[in-house]
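User: Could you take me through one part of this model in detail? I'm after the ligand site and what's around it.

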Amino acid sequence: SEHERTFVMVKPDGVQRGLVGDIVARFEERGLKLVGGKFMRIDRDLAEEHYGEHEDKPFFDDLVSFITSGPVFAMVWEGQDAVAQVRTMMGETDPAESAPGTIRGDFGLDLGRNVIHGSDTEEGSAEREIDLFFAADELLDYERVDETWLYE
Ligand code: DAT
Ligand code: MG
């Protein structure tokens, strides 16, 4: 909590469906601050490391194939309770169970094509993912002009 950073990624389906702008706009409008962004293609090694917690799951191979199948937009967002707030804005893992108004609930139908990744709230997850995708000098420190109006 307090001001923290979280790793977010528009997955290949979200990029192909032209959802990058809408997704970025949601976080910007919420008041979160973009501190890093990278349009990239994930290779197999990075995919396997990023999703390492799922390596024994039956869906692991499909997940790695999917996430490496096209460009993704990787981002780091900063703000008060950023990790949990992003998870709430994303909805449930399965878009079919996600409420309208959430990103997965507005843009997805299928578990294996759920548009977006965001770090989970487990201690250390966000830091691990940020370090995996971004070098320290790719993350920018600056103030948004509206910060005094976003926070008491
Ligand atoms: P999340 O992306 O909400 O953090 P997760 O970490 O449990 O969810 O799983 C990572 C991704 O793997 C998820 O976005 C979609 C896929 N996935 C999860 N559970 C699955 C399942 N039971 N069958 C197929 N794909 C699954
Ligand atoms: Mg997860």
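How far from an oxygen atom of ligand 1 does a polar side-chain atom of Thr-93 lie?

Analyst: That Thr-93 atom lies 2.6 Å from the ligand oxygen. Bear in mind that the model is predicted, so local features need pLDDT of at least 70 and side-chain atom pairs 80 or more, while totals for chains, interfaces and linings use all residues. Numbering runs from 1 along each chain as written, chains are lettered from A and ligands numbered from 1 in written order, and side-chain values use heavy atoms, leaving out hydrogens and water.

Ligand 1 takes up the space of the largest pocket (more than half of its atoms within 2 Å of the grid points). That pocket holds about 540 Å³ (1 Å grid, 1.4 Å probe, protein on both sides within 12 Å along at least five of seven lines, lining atoms within 4 Å). Its lining counts 23 residues, with His-54, Phe-59, Leu-63, Thr-93 and Asn-114 closest to the centre. α4 (60–67), α5 (82–90) and β4 (116–118) each supply at least two lining residues, and α4 gives the most, three (DSSP runs: helices at least four residues, strands at least two).

Notes: Polar contact = N/O pair within 3.5 Å; in protein donor to acceptor, adjacent residues only side chain to side chain. Points joined across faces, edges and corners; volume = space filled by probe spheres on them.
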